[in-house]
Amino acid sequence: MTIDRTTLRWNGWGPTKQENPLPADSPKWKWVEEVLGMSHLPSTPPVPLQDICLPHCRLSGAIQEKLRGIVGEDQLRTDDYERAFHARGKSYHDLLYVRAGRLDVAPDAVIYPRNADEVLAIVQLCAQEDIALVPYGGGSSVVGGVNAVAKSLGGAVLTLDTTLMTRIIQIDKVSMTARIEAGIYGPHLEEQLQAHGVTLGHYPQSFPLSTLGGWIAARGAGQQSNRYGKAEKWLVSAKLATPKGFWTTEATPASAAGPNLNQLVAGSEGTLGVIVEATVKIHEVPARKDYRGYLFKTFAAGVEAARRINHADIPVAMVRLSDAPETYFFQAFSSSNADGLKARLQRAYLKMKGFPETPCLMLIGHEGAKETVIWAQEQTEEICKRQGALALGTGPGRHWYHGRFNSPAIRDPMMDRGIGVDTLETSTRWSNIANLHEKVTTAISDAISSHLPEQHARGLVLAHVSHSYPDGASLYFTFIFPRQLDREVEQWLAIKRAASDAILMNGGTISHHHGVGTDHAPWLPEEKGEIGMSLLKATKRELDPKGVMNPGKLFG
């Protein structure tokens, strides 16, 4: 099963016919205007595709014929829609260009191979002809990871779309592994696995519109990574088509035969080759799921509870803790009547219990056998209560679970009204969580305050712990701000630089699960060090001597 590209938004997120979560007559717009201190919300619609002039195709007729000889006439696309759709990913930065009709980085053509042999032939032709090749799965990158960047000014770019490669080749229920082609979308993958009673359990927020190969290439994390692991944990083996030929990594459960080369593939972002298939760890479909909420008086108390849960080795699927601004924003944004009787009674009750006006919400998820889930839920609730938490039951958990993939759809209508919405993430050790949270929040807030379109405008900075480990956790930041419409790219760059500098200066990683792409490449050398970067670049040169694989990503 594949997704017809024409049913998706080429300049936004999701299906073209999806319901608008923020219609023009929504009362939430007035609240947003007030919270951001804006005198009015301008109309800032995207430029229609028919009004955009794309660059001329730089692939010669002879090269196009060679490509058609590999995949067939219909699998090489040079029409405006395909080129526009594959020009960039789905970051806020990408959409500033795409919505403005600035498609100077559009690929010259898009090719859809149907199997690994076709991919290898394409890769080797591009290496022979010195044509930049950009691997593309769901295109959900938010760090510039799939942007159609040429090797040099005026050079040709071919985007290779993997989404016709969707077979589950083998399910081994004895070893609990599955061998799967890399272009399969998340919903199709889980539908096929669960028909056999098993699951990968990898559910990133981009799940409906991202692919297995993309998850591995970006070293991604699903919302239940506490139970199922990040991509580098569930990856058993990968097969790549490189300019030097096929490369298949080791597939044994453990080995002392030198470094595990799967760790080079996970996070390689298409710079070493195209991931054509992968063997992954699978699990039985959980018999029971339990998601519930807890309120903490402070973010620090919630962090301490999350740390203790991890150190107690309790089998949790997810521990997600929002800070006070994020708890307030999403509660107010989703409430139909924030000043109604029910809301006032709730606030009065919390005040009586000694909670501040803006507490912090934690969501804890358990998945597995019934007895294990019941025991684990009791243990985590006891830890939370010892940190002063108020148990809210399963209502908040069910609400989050049923809408867990919906948040990206809010960004498009926000951008239609002059509002910027972006995210970034990092991770650090438990002893540094409070410091990193404070420093990055302040850096983003100060940068927004220095780049606002009107005097009384302001931005919002929200954060949550999204993934946790015995030694630390990730921090995920969302920032919402009025756009400087005459210099919106410069505004974003200033915020991004401030946040990224603060992350590295205060003991964080430049990315926990989004990847590096073009956006984080300037900060990678500081994190990896001179020797580390030399090793990575040497691997790149060995597999891709001409540098045709996804230029400009990871290494800058």
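The second largest pocket holds about 890 Å³ of space. A pocket here is an open set of points on a 1 Å grid over the protein atoms alone, with protein on both sides within 12 Å along at least five of seven lines. Its volume is the space filled by probe spheres set on the points, which are joined across faces, edges and corners. The probe is 1.4 Å, and lining residues have an atom within 4 Å of a point.

Ground rules, quickly. This is a predicted model, with local features needing pLDDT of at least 70, side-chain atom pairs counting only at pLDDT 80 or more, and totals for chains, interfaces and linings using all residues. Residues are numbered from 1 along each chain as its sequence is written, and side-chain values use heavy atoms, with hydrogens and water left out.

Back to the pocket. It is lined by 39 residues. Arg219, Lys230, Glu232, Ser511 and Lys528 lie nearest its centre. By class, the lining has 13 nonpolar, 16 polar and 10 charged residues. Nonpolar means Ala, Val, Leu, Ile, Met, Phe, Trp, Tyr, Cys and Pro; charged means Asp, Glu, Lys and Arg; the others, Gly among them, are polar.

Which element gives the largest share of the lining? H19, with 5 residues. Elements supplying at least two residues each include helix H19 (524-543), strand E16 (419-429) and strand E18 (472-482). Helices (H or I, at least four residues) and strands (E, at least two) are DSSP runs, numbered from the N terminus.

E16 and E18 take us to the sheet. It is open, has 7 strands, and is ordered E15-E12-E14-E13-E17-E18-E16, with antiparallel pairing. Pairing needs at least two DSSP bridges between two strands. E15 (390-393) and E16 stand at the edges with a single partner strand each, so one side of each has no neighbour in the sheet. Inside the sheet, 4 bridges join E13 (318-322) to E14 (360-368). Methionine 318 has glycine 365 in E14 as its bridge partner.

Helices on the sheet next. H17 (433-449) touches E16, E17 (460-468) and E18, contact being heavy atoms within 4.5 Å. Its direction makes about 15° with that of E18. Angles run from 0 to 180 degrees between N-to-C directions, with axes fitted to C-alpha atoms, for helices over the stretch in contact. H14 (370-386) lies across E12 (288-296), E14 and E15, at about 5° to E12.

Last, a helix pair. H4 (92-99) and H18 (488-505) pack at about 175°, axes 10 Å apart. In H4, Tyr92, His93, Leu96 and Tyr97 meet Glu488, Val489 and Trp492 in H18.
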